[in-house]
Amino acid sequence: MTLLEIRDLRVTFGRRRDPFVAVDGVSLSVGAEETLGLVGESGSGKTTVARCVAGLQRPDAGTVTFEGRPLERVGRRPAELQRAVQMVFQDPRSSLNPRMNVASIIGEAWRTHPSAAPSGDRTAALHALLADVGLDPDVATRRPGDLSGGQCQRVSIARALAVRPRLLVCDEAVSALDVSVQAQILRLLVDLRRTHHLAMLFISHDLGVVHQIADRVAVMRRGEVVEEGPASDVLGAPQHEYTRALLDAALDLDDAGSVTA
Amino acid sequence: MAQHDALLRVDGLTVDLPGTRGDVRVVDGVSFDVPAGTTVGLIGESGSGKTMTANAIIGLLPDGARTGGRLSWRGEDLLHADGARRRKARGHEISMIFQDPLAALNPTQRIGRQVGEILRRDGVGRGEVRRRVVELLDRAGIPDPAERANRYPHEFSGGLRQRAMIALALAGSPSLLLADEPTTALDVTVQARILRLLRSIQETDGLSVLLVSHDLRVVANVASQVVVMYAGRVAERGPAPQVLRRPAHPYTKALVRSVPAVRTKTALADPLPGAPATPANRPAGCPFHPRCPIARDRCRTEVPPVREVAPGRFSACHFAEEVLTS
């Protein structure tokens with residue numbers, strides 16, 4: 001069953017007479033509980049696609065629907081659709097309010113979406129939510145500045161989960177983390193995907209990470225999807241020359257010494 | 001390695017930085033060699049001290065930093081040399097490139113002027129400076145170098161800026177290039193080209209490179225020797241292929257396992273718990289012990305010295321032999 005459907009999406013920036021076409025006729029879909037990996041280099045348009053899905057960017061043309069219902073800009077979205085699609089950003093520190101403690105950050109999400117707020121004991125619900133993302137209850141009273149990068153990213157994920165979403169849009173969600181912490185957050189996302197029946201649009205420049213967690217992969221270049229298919233096909237036996245070029249440039253631990261003059 | 005082979009010998013280097021609660025030893029007794037004409041990879045996560053080590057080598061530490069140990073540069077102790085000697089070494093003998101060339105380059109000066117600065121300071125004539133700048137930009141793979149020399153940094157793409165930075169670093173004909181995360185901000189296709197450029201310059205000039213990076217894939221592909229740092233100390237060092245294929249420290253092992261393959265699907269690694277230790281909160285004993293899957297009582301109390309655990313292989317783990325054979 002298709003959860004998210006993107007059809008002929010087009011986004012331009014700048015002057016009307018000479019626009020920069022950031023997204024040029026992109027069509028993609030994400031099924032329920034499916035993870036779609038979106039890869040490409042900077043300027044490929046992958047983040048702009050994510051921003052359209054999250055309602056942070058208005059497309060010039062095309063449609064984005066969730067279970068057949070249009071996903072408009074975030075302000076015009078019915079509350080239940082706002083809840084259904086949540087985003088996790090690259091830099092966990094700058095996406096959390098430094099003045100609020102963790103309990104207030106989660107409380108704000110519940111205030112925005114009362115239908116997702118716990119009906120009973122809020123403290124117990126908060127502690128359960130923190131436990132879901134691998135954080136101790138005492139984190140509730142701390143502010144982002146007192147937490148490590150990995151802990152901040154767990155708080156961002158908890159904030160998204162607090163409103164019981166169906167689709168997580170992860171834009172380079174592990175890219176800014178230390179290598180040893182990256183593995184923790186990936187494991188967490190994979191576990192939550194299963195326990196919370198989440199679909200994911202997982203955007204990353206790291207082909208290895210995408211290969212690890214995506215069911216399907218779409219490759220973007222200059223605003224267009226050049227190749228799309230099951231992760232093992234696209235990354236294991238690429239058909240498009242650009243995908244091959246990306247894979248050729250990507251380094252692996254195994255081909256040590258491969259960079260020759 | 002015999003002493004005469006080392007271009008640079010870092011010996012028991014310490015760096016203390018003033019903190020709000022007293023000094024913090026951010027580099028704690030780091031030793032390794034950079035042999036002439038080789039690339040040494042310095043691997044570490046945040047707080048590992050890798051960048052401070054590089055900054056200490058080139059003499060760009062923040063105000064109030066105190067250093068100890070020795071930096072033996074062709075046998076001469078650079079760490080205790082006077083300011084004039086260090087300034088002379090910087091650019092002519094040792095130079096550095098950074099992750100963000102836009103921050104390192106002067107936005108108000110044309111690229112050519114910046115690349116030629118060291119030549120002008122050396123008293124090279126105007127026409128000759130101009131000729132050499134164009135040659136340096138050309139060698140760094142910048143197309144149409146004579147025209148690009150008149151441009152400003154913001155007119156360059158990220159890849160071209162890093163090439164300009166490399167041209168600037170090479171202007172003084174150094175023997176050692178310190179490269180601090182030189183490709184981290186670049187797309188993979190651009191990264192591959194910059195790494196190839198560094199490799200080709202190294203081969204033609206016999207340059208030594210100290211590549212500082214958190215990215216094991218980059219280090220694995222360009223370095224012949226690696227030094228793995230954790231919480232300001234060396235965890236492990238040795239020849240790159242051996243260290244990365246058969247680590248002698250549980251931390252290196254965990255790092256290697258957390259790097260997924262690109263062309264085949266890798267199962268998710270069992271992640272290490274917690275965050276990297278920082279020098280300000282360095283655990284007692286082995287600094288890695290709170291996250292280590294094989295930590296025992298001894299690890300909590302006794303600091304493991306860096307010792308040779310197999311020919312050419314150095315590890316700061318009490319149980320390195322066990323790690324090597326497991």
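Predicted model: local features only at pLDDT ≥ 70, side-chain atom pairs only at ≥ 80, totals over all residues.
The domains do touch, though: 12 residues of domain 1 of chain B are in contact with 11 residues of domain 2 of chain B. On the domain 1 side, the elements giving two or more residues are helix H2 (83-92) and helix H8 (188-205) of chain B. H8(B) supplies the largest share of that side, five residues. Sorted by class, the domain 1 side has nine nonpolar residues, two polar ones and one charged one.

Keep H8(B) in mind as we move on to where the two chains meet. Here 40 residues of chain B are in contact with 39 residues of chain A. Which elements of chain B give two or more residues to this side? They are H8, helix H9 (216-222), helix H10 (240-245) and helix H11 (250-257) of chain B. Once again H8(B) turns up: it gives the most to the side of chain B that touches chain A, with nine residues. By class, that side of chain B is made up of 23 nonpolar, nine polar and eight charged residues.

Now zoom in on H11(B), another helix from that list. Is it enclosed or open? Six of its eight residues are buried, so H11(B) is largely enclosed by the rest of the structure. The buried ones are Pro250(B), Tyr251(B), Thr252(B), Lys253(B), Ala254(B) and Leu255(B). And what do they pack against? From chain A there is helix H6 (179-195). From chain B there are H9, strand S9 (225-230), strand S10 (233-239), H10 and helix H13 (320-325). In other words, the buried residues of H11(B) have neighbours in chain A as well as in chain B.

Last stop: Glu5(A), over in chain A. You'll find Glu5(A) in strand S1 of chain A, which spans residues 2-13. Leaving aside residues up to four places away in sequence, Glu5(A) touches Ser29(A) and Thr65(A). There's also Val30(A), which is 25 residues away along the chain, yet the C-alpha atoms of Glu5(A) and Val30(A) are separated by 6.6 Å.

Note on methods:
Residues numbered from 1 in each chain as written. Chains lettered and ligands numbered in written order. Contact = placed C-beta atoms within 7 Å. Helix = DSSP H or I, 4+ residues; strand = E, 2+ residues; numbered from the N terminus. Nonpolar A, V, L, I, M, F, W, Y, C, P; charged D, E, K, R; others polar. Buried ≥ 20, exposed ≤ 12 C-beta atoms within 10 Å, placed from the backbone.
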